Amino acid sequence: MTRPRQSLPFWQALKHTCAQWKRTSRHMAKVAFLGLGVMGYPMAGHLEAAGHEVTVYNRTEAKAARWAVDHKGGSAATPREAVEGCDFVMACVGNDDDLRSVCTGDDGAFAGMKEGAIFVDHTTVSAIVTRELAEVAREAGLGYVDAPVSGGQAGAENGVLSVMCGGSEADYAAAEPIMAAYGKTVKRLGEVGMGQTAKMCNQICIAGLVQGLSEALHLAEKSGLDGEALVEVISGGAAGSWQMVNRHKTMLADEYEHGFAVDWMRKDLAICLQAGDDVGASLPVTALVDQFYKDIQKMGGGRWDTSSLMKRLKAFD
């Protein structure tokens, strides 16, 4: 015997309908993703998996074509072609010059974006180029959100990045549901440029933490103290950090062929130091650790992980 279906109370039915609309509306955006490095490739994949219509562009066209096969999306030969008709354009490229290249010029994204579309930049770049490009976008009738990310390749692959955003409240509110496809924490911190400033603060914290961790593990080894046992004891207290939990094993094993490269960290720290000069902030530890990373580059470790600061200490034994 089939039981008759009971009607939901009005407020429950309305709530159910709104929930369905919200789920459906999140899957209706037409999105372009520019830059398919170790971060961009999986981030674009999360957008497609969330139901968005995604077209990608990469300087190496073969990589864009491979992504399109892997994720059943589209690819384009230029940024301008990739962004045609898109509601949102996300970028994750290398540096200030790379960002200008994909945004401006006859084949750039801004030339092809429809009025009212929003450009979201996930690249770690200077606040100077961010504000410069945001103004160009504004004059073209486009929205702009600077949204650098933290969490590394693993965070991008697992869709759990921290996204630090700067831009108008309206632009951020529109873009936040799109960024939620790969962001565990997505937060607006102020107007355009504040996202990049927050990322600089993030990099400063990492540099100082890794140097301190390197010195602690180095002292333990030189003193005959078991490094694993040390971390087990202190990681749950005030000394604990993500770097300690996730990097101590490879540091003790002298393995650095993974993670965020020293070359990229030096690029970021240069932006940090320039930002400090611009606002009159003293960053002595950041400047010191930057020079330590320069030493690692001289050792041939430009592509080593940032935790290779410990290898530098061992080199002076």
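Tutor: We will go through strands, aromatic rings and helices in turn. This is a predicted model, in which local features need pLDDT of at least 70 and side-chain atom pairs count only at pLDDT 80 or more, while totals for chains, interfaces and linings use all residues. Residues are numbered from 1 along each chain as its sequence is written, and side-chain values use heavy atoms, with hydrogens and water left out.

Student: Which way do the residues of strand S5 point, and are they buried or exposed?

Tutor: Helices (H or I, at least four residues) and strands (E, at least two) are DSSP runs numbered from the N terminus, and a residue is buried under 20% relative accessible area, exposed over 50% and partly exposed in between, with a 1.4 Å probe and protein chains only. In S5, which spans residues 118-121, Ile118 and Val120 point one way while Phe119 and Asp121 point the other way, and all are buried.

Student: How many bridges join S5 to strand S4, and how many join S5 to strand S6?

Tutor: Two strands pair if DSSP finds at least two bridges between them. S4 (residues 88-91) runs parallel to S5 and is joined to it by four bridges, with valine 89 having phenylalanine 119 as its bridge partner in S5. Four bridges also join S5 to S6 (residues 143-146), again in parallel, and here aspartate 121 stands opposite aspartate 146. Between S5 and S6 the chain passes through helix H7 (residues 127-139), and this β-α-β crossover is right-handed, a term that applies if, with the strands pointing away from the viewer, the path from the first strand over the helix to the second runs clockwise.

Student: What aromatic pairs are there?

Tutor: Rings of Phe, Tyr and Trp (its six-membered ring) pair if their centres lie within 6.5 Å, and planes under 30 degrees apart count as stacked, over 60 as edge-to-face and the rest as tilted. By this rule there are two aromatic pairs. The rings of phenylalanine 110 and phenylalanine 119 have centres 5.5 Å apart and planes at 80°, so this pair is edge-to-face. The rings of phenylalanine 119 and tyrosine 144 also have centres 5.5 Å apart, but their planes are at 25°, so this pair is stacked. Phe110, Phe119 and Tyr144 form one aromatic cluster.

Student: Which residues of helix H9 are buried, and which are exposed?

Tutor: In H9 (residues 169-179), the buried ones are Asp171, Tyr172, Ala175, Ile178 and Met179. They cover an arc of only 115° around the axis, taken from the directions from the helix axis to the C-beta atoms, which puts them on the same side of H9. On the other side of H9, Glu169, Ala170 and Ala173 are exposed.

Student: What unit does H9 belong to?

Tutor: H9 makes a right-handed β-α-β unit together with S8 and S9. Four of the five residues of S8 (residues 161-165) are buried, so this strand is largely enclosed by the rest of the structure. Five bridges join S8 to S9 (residues 183-188), and the two run parallel, whereas S7 (residues 149-150) pairs with S8 in the antiparallel sense over two bridges.
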